[in-house]
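Open the model in your viewer and keep the selection tool at hand. Each stop below says what to select and what to look for there.

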Amino acid sequence: MTPVAIAMRALLGARRTWVLGVLSVLAGGIALVIRFRAEEFRWLDRYAEVTESLTVPTVVAFIALVLGASVVGDEREDWTILYLAATPVSRIRLVAAWVLSAWVMAMLLLVPAGAGAAFLGLSGGMGARGLFWLVMALGLASLAYAALGVLLALLVRRAIILGLLYIVLWEATIATFADSADKLSLGAYGRRLVAAGVPDADTFRVPTVGAATAVIVLVVVAAAGVWLGGRRLGRMELP
Amino acid sequence: MSATIVVDRASKWFGDTVAMGDVSFSVGPGVTGLLGHNGAGKSTLLKLLAGFSRPDEGTVRVLGHDPGREIEVYRRLGVVPDGDGLWPHLTARGAIEACARMRGVPDPADATRRVLERVDMTAAAERRLGGFSKGMKQRIKLAQALVHDPEVLLLDEPLNGLDPAQRRDVIRLIGELGAAGHTVLVSSHQLGEVERMAPQVLVMVNGRLVAEGTTAGIRDLLAERPRTVRVEVDAPPAVAQALIGEGLATSVRLEDGVLIAETGDVREFAVRLAVVARDAGTTLRAVEPVGEDLESVYAYLTDRARGAGR
């Protein structure tokens with residue numbers, strides 16, 4: 001059993017994980033309701049609205065960041081982090097394992113939310129290209145958020161509360177409405193990837209950067225989170 | 001004997017509180033007890049040695065490595081931390097095997113099987129750790145520390161939560177490890193417990209190392225300290241006079257009809273008190289030391305360390 005397997009078991013056994021799953025199911029349900037209540041020619045517009053205001057900046061951010069923070073927070077609270085620390089496994093590898101496990105669990109939990117959004121978009125005619133970019137958006141945004149959650153939990157004690165404040169105040173509010181703030185928002189780059197899959201992306205409010213840049217930004221944020229987390233873990237005082 | 005653990009003028013403080021100050025010592029293979037009351041700095045010292053914390057001043061070395069920076073040392077170092085934390089969702093076998101795998105043990109499954117047998121936990125191997133008692137958790141914590149057969153073991157209060165039979169088994173196991181050439185540093189706040197485990201002892205008081213040497217030597221040191229003894233006899237004045245006259249007590253006083261004697265040699269006092277009482281034509285009803293709690297013992301060692309050096 002590796003650090004990834006240990007973390008996955010911990011996440012699977014936590015009630016918090018299943019509450020996050022309910023959030024995803026609700027988001028998927030909302031997308032389906034919109035699909036069946038909206039007029040046919042508005043489906044793609046509604047897809048843009050759902051993904052840019054609900055799926056990416058709220059559901060993905062919430063699930064991935066909370067899972068990332070939880071996986072470290074639980075190890076710290078239970079003192080089991082000591083058994084991981086008392087191994088010759090490099091600290092960057094340990095942090096990468098936490099990010100990976102939080103990311104895998106986030107992707108599993110995001111299936112209902114992603115499926116609902118995908119159904120809405122496909123109904124509006126976005127096609128396989130749109131589906132590909134939606135999956136890319138969910139995958140890379142959740143990876144970056146998971147890394148951010150892990151890093152936060154290594155830096156502060158109340159990482160989940162701090163993370164939720166960040167999501168509510170910044171990602172889901174200011175960064176969604178203020179054009180000048182979107183370049184400093186992980187969710188905005190995720191939304192940019194969703195928009196890359198839609199032929200007429202005018203309905204999306206996204207940063208004025210290319211999809212490739214958005215991919216690079218999200219990957220760099222995730223890698224930086226792992227690297228900084230590894231450095232922090234190597235220097236922090238353990239309980 | 002080559003030193004496997006070397007601590008050189010190490011200090012650690014948290015804000016204005018000095019958790020450990022200017023501690024230096026070295027130990028080699030065998031069992032060494034780390035004795036001190038709660039809050040004496042034992043756990044702080046063990047955390048520094050385990051690499052979970054870093055000294056603010058001075059250095060710590062385990063097998064020549066700085067455990068806070070050189071993680072390769074964990075292939076040769078086993079740690080039983082304080083606290084009950086174990087992965088509650090894993091089975092005993094799963095948790096120990098994970099530790100073995102992460103520490104690079106060639107055959108983790110076989111090493112896990114053997115160490116579970118060694119701590120007598122084979123029967124509970126497939127149970128989840130979340131349902132374990134404190135005593136069972138202690139044995140699993142010991143098993144994970146032993147699974148990679150480390151040269152150095154740091155054990156923080158490993159007997160906590162064990163029943164008498166389990167204590168006996170773990171003390172025997174620690175003795176075997178020391179006899180086999182492992183370096184074992186084991187902390188406890190009970191002198192009697194340390195005596196049973198370790199021929200060598202380090203005594204910490206208020207973050208400082210106040211005594212070190214053989215356990216028997218520390219016991220002698222403690223025996224030599226001035227002691228107060230409460231003596232209940234039928235004729236206290238006669239016994240008091242005899243104690244002073246024989247040079248067995250440096251001072252005596254009566255408190256509610258009970259004789260309180262100060263002595264510089266408690267062994268001699270104990271041996272000759274009965275004779276003195278008999279010669280005084282009285283009967284001893286009760287004899288008990290006053291101030292035998294650990295705090296007073298440590299206070300004596302602290303004063304002694306301040307006055308004469310170690």
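**Ground rules**

This is a predicted model: local features need pLDDT of at least 70, side-chain atom pairs count only at pLDDT 80 or more, and totals for chains, interfaces and linings use all residues. Residues are numbered from 1 along each chain as its sequence is written, while chains are lettered from A and ligands numbered from 1 in the order in which they are written.

**Stop 1: helix 3 and helix 5 of chain A**

Select residues 43–78 of chain A, which form helix 3, and residues 91–109, which form helix 5. Helices here are DSSP runs (H or I, at least four residues), strands are too (E, at least two), and both are numbered from the N terminus. The two axes come within 9 Å and cross at roughly 140°. Axes are lines fitted to C-alpha atoms, for helices over the stretch in contact, and angles run from 0 to 180 degrees between N-to-C directions. That angle makes helix 3 of chain A oblique to helix 5 of chain A. Angles under 35 degrees count as roughly parallel, over 145 as roughly antiparallel, 65 to 115 as roughly perpendicular, and the rest as oblique.

The crossing of helix 3 and helix 5 of chain A is right-handed. A crossing is right-handed if the near helix is turned clockwise from the far one by less than a right angle, and left-handed if anticlockwise.

Now show the side chains. On helix 3 of chain A, the residues that meet helix 5 include Ile63(A), Leu67(A) and Val71(A). Facing them on helix 5 of chain A are residues including Trp98(A), Val99(A) and Trp103(A). Two residues are in contact if their C-beta atoms, placed from the backbone, lie within 7 Å. The contact residues of helix 3 with helix 5 of chain A divide into 12 nonpolar, 2 polar and no charged. Ala, Val, Leu, Ile, Met, Phe, Trp, Tyr, Cys and Pro count as nonpolar, Asp, Glu, Lys and Arg as charged, and the others, Gly among them, as polar.

**Stop 2: Met107(A)**

Stay on helix 5 of chain A and pick Met107(A). Met107(A) is partly exposed, with 19 other C-beta atoms within 10 Å. A residue is buried if 20 or more other C-beta atoms lie within 10 Å of its own, exposed if 12 or fewer, and partly exposed in between. Not counting residues up to four places away in sequence, Met107(A) touches Gly139(A) and Ser142(A).

**Stop 3**

**Stop 4: the core**

Which residues touch the most other members of the largest nonpolar core? Select Val99(A) and Val150(A), in a core of 163 residues. A nonpolar core is a set of buried Ala, Val, Leu, Ile, Met, Phe, Trp, Tyr and Cys residues joined through C-beta atoms within 7 Å. Helix 3 of chain A gives the largest share of this core, 19 residues. Leaving aside neighbours within four places in sequence, the contacts of Val150(A) include Gly68(A), Val95(A) and Gly225(A).

**Stop 5: Pro239(A)**

Go to the segment after helix 10 (211–235) of chain A and pick Pro239(A). Pro239(A) is partly exposed, with 15 other C-beta atoms within 10 Å. Beyond neighbours within four places in sequence, Pro239(A) is in contact with Arg76(A) and Trp79(A).

**Stop 6: where the chains meet**

Colour by chain. Here 19 residues of chain A are in contact with 24 residues of chain B. Helix 1 (3–12) and helix 4 (81–85) of chain A each supply at least two residues of the side of chain A that touches chain B. That side divides into 11 nonpolar, 5 polar and 3 charged residues.

**Stop 7: chain B**

Zoom out on chain B, which has 10 helices and 13 strands. Its C-alpha trace spans about 75 × 45 × 35 Å along the principal axes. Buried residues make up 45% of its 310 residues.

Next, pick Glu157(B), in the loop between strand 6 (152–155) and helix 5 (164–179) of chain B. Glu157(B) has a positive phi of about 45° although it is not a glycine. Is Glu157(B) buried or exposed? Glu157(B) is buried, with 22 other C-beta atoms within 10 Å.

Finish at Asp256(B), in the loop between strand 11 (251–255) and strand 12 (258–263) of chain B. Asp256(B) has a positive phi of about 50°, and is not a glycine. Asp256(B) is exposed, with 5 other C-beta atoms within 10 Å.
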